[in-house]
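Hi,

Here is the structure I promised to pass on.

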Amino acid sequence: MSCDKPSTPEPLATPDVSGPLRFQMRIPSDPRLLAVVRCTVSELAAIRGFADDQCQSIALAVDEAHSNIIRHAYKDRFDQEIEIGFRAEGDYLEFTLVDHGEPIDRSKYCGQPLDGIALGGRGTHLIRQIMDEVCYERTSEENRLRLRKYLAAGTSKG
Amino acid sequence: MKTSTRELPGTTIVDVSGDIDMSVSPGFRRILMESLSKTPRLAVNLSNVRYVDSSGIASLVEVLQAARKAEKRLVLFGLNAPVQEVLQLTRLAKIFEIRKTEKEAIEAS
């Protein structure tokens with residue numbers, strides 16, 4: 001009896017860690033999924049090369065945007081659809097959140113001064129503090145919010 | 001998120017663990033308000049809180065407003081870096097009474 005000598009397995013090809021990366025998810029507007037999205041966002045940011053504290057901050061920004069959709073666009077309806085897209089190219093990552101809810105007051109994302117200990121507006125303030133670019137647009141019946149963060153230090157915020 | 005409550009002479013301590021986001025912040029607020037109604041000083045232990053968003057901060061602000069109105073005290077302690085960062089970014093770090101440890105929170109005059 002003879003046995004074939006096992007061949008040395010070929011090493012698996014590994015993707016270029018600095019190359020483009022895309023990811024997309026469609027989820028219901030259920031607040032129980034906020035934590036799931038945070039974990040995903042944090043991991044995607046880490047894959048892209050952001051430091052741990054930055055990953056947490058980016059997760060916070062996306063979480064705030066996600067919460068705003070549930071609360072304001074969908075008026076706390078938990079059975080609507082939210083689309084969250086991720087794109088990493090060059091020296092940045094970008095999250096796009098799309099919903100089909102009520103139009104949002106554009107000024108909420110344009111930055112408002114915080115007034116004492118008033119409760120409103122702190123979520124969007126956090127988003128603008130953390131992300132380098134925040135772009136909101138309303139197209140037909142969609143709200144589309146794009147959040148971009150640059151990897152390089154020293155990039156000015158939008 | 002999980003909470004538990006301990007009663008000490010003159011102070012009630014609410015120990016909080018986990019994440020505080022929009023899905024749990026109404027319950028978080030309710031628990032703190034209930035505890036505040038029964039004590040002259042409420043100390044909130046945040047040392048095991050991994051994450052808090054603006055809704056969690058808003059709940060703390062509401063409890064602080066209720067405490068001030070009732071001439072009671074609210075003390076936060078054990079804040080880790082992510083919680084401190086959110087308070088700093090929302091410019092609310094200075095409105096709260098914050099201590100590092102439980103001992104300091106209880107003994108704060």
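This is a predicted model: local features need pLDDT of at least 70, side-chain atom pairs count only at pLDDT 80 or more; totals for chains, interfaces and linings use all residues.

I31(B) counts as buried, because its C-beta has 20 neighbours inside 10 Å, and 20 is just what the cut-off for a buried residue asks for. The residue sits in helix 1 of chain B. If you ignore the neighbours within four places in sequence, I31(B) is in contact with T3(B) and V14(B). V14(B) is 17 residues away from I31(B) along the chain, and their C-alpha atoms are 8.6 Å apart in space.

Staying with chain B, here is how its helices go together. Helix 1 (residues 25-36) and helix 2 (residues 54-69) of chain B have axes that come within 9 Å and cross at roughly 20 degrees. That angle makes helix 1 of chain B roughly parallel to helix 2 of chain B. The crossing of helix 1 of chain B past helix 2 of chain B is right-handed. If you want to pick the contact out on screen, helix 1 of chain B supplies S25(B), F28(B), R29(B), L32(B), M33(B) and L36(B). From helix 2 of chain B come S55(B), G56(B), S59(B), E62(B), V63(B), A66(B) and A67(B). By class, the residues of this contact between helix 1 and helix 2 of chain B are seven nonpolar, four polar and two charged.

Next, the sheet in chain B. Five strands make an open sheet with the order 1-2-3-4-5 and mixed pairing. At its edges are strand 1 (2-8) and strand 5 (97-99) of chain B, each of which pairs on one side only. From one strand to the next, the twist averages 25 degrees. Strand 1 of chain B runs antiparallel to strand 2 (residues 11-20) of chain B, and seven bridges join the two. Helix 2 of chain B lies across strand 2, strand 3 (41-52) and strand 4 (73-77) of chain B, and runs at about 145 degrees to strand 4 of chain B.

Now over to chain A. Chain A has three helices and five strands, and from the N terminus on they run β-α-α-β-β-α-β-β. Of the 158 residues in chain A, 32% are buried. Taking the contacts in chain A between residues at least 6 apart in sequence, 68% join residues at least 24 apart.

The sheet of chain A is an open one too, with five strands in the order 1-2-3-5-4 and antiparallel pairing. Strand 1 (21-28) and strand 4 (133-139) of chain A are its edge strands, each pairing on one side only. On average, neighbouring strands of this sheet are turned by 15 degrees against each other, direction ignored. Eight bridges link strand 1 of chain A with strand 2 (residues 81-89) of chain A in the antiparallel sense, and R26(A) stands opposite E83(A) in strand 2 of chain A. Helix 1 of chain A lies across strand 1, strand 2 and strand 3 (92-99) of chain A, at about 155 degrees to strand 3 of chain A.

There is a helix pair to look at in chain A as well. Helix 2 and helix 3 of chain A pack at an angle of about 145 degrees, and their axes are 9 Å apart. Here helix 2 of chain A passes helix 3 of chain A in a left-handed crossing. On the helix 2 side of chain A, the residues are S57(A), I58(A), L60(A), A61(A), E64(A), A65(A), S67(A) and N68(A), and they meet G123(A), L126(A), I127(A) and I130(A) in helix 3 of chain A. Sorted by class, that contact between helix 2 and helix 3 of chain A has seven nonpolar, four polar and one charged residues.

Last, the interface. Between the chains, 19 residues of chain A are in contact with 17 residues of chain B. On the side of chain A that touches chain B, two or more residues each come from helix 1 (34-48), helix 2 (52-73) and helix 3 (122-130) of chain A. Helix 2 of chain A gives the largest share of that side, seven residues. By class, the side of chain A that touches chain B has nine nonpolar, five polar and five charged residues.

Cheers

Notes. Residues are numbered from 1 along each chain as its sequence is written. Chains are lettered from A and ligands numbered from 1 in the order in which they are written. Axes are lines fitted to C-alpha atoms, for helices over the stretch in contact, and angles run from 0 to 180 degrees between N-to-C directions. Helices (H or I, at least four residues) and strands (E, at least two) are DSSP runs, numbered from the N terminus. Angles under 35 degrees count as roughly parallel, over 145 as roughly antiparallel, 65 to 115 as roughly perpendicular and the rest as oblique. A crossing is left-handed if the near helix is turned anticlockwise from the far one by less than a right angle, and right-handed if clockwise. Two residues are in contact if their C-beta atoms, placed from the backbone, lie within 7 Å. Ala, Val, Leu, Ile, Met, Phe, Trp, Tyr, Cys and Pro count as nonpolar, Asp, Glu, Lys and Arg as charged, and the others, Gly among them, as polar. Two strands pair if DSSP finds at least two bridges between them. A residue is buried if 20 or more other C-beta atoms lie within 10 Å of its own, exposed if 12 or fewer, and partly exposed in between; C-beta atoms are placed from the backbone.
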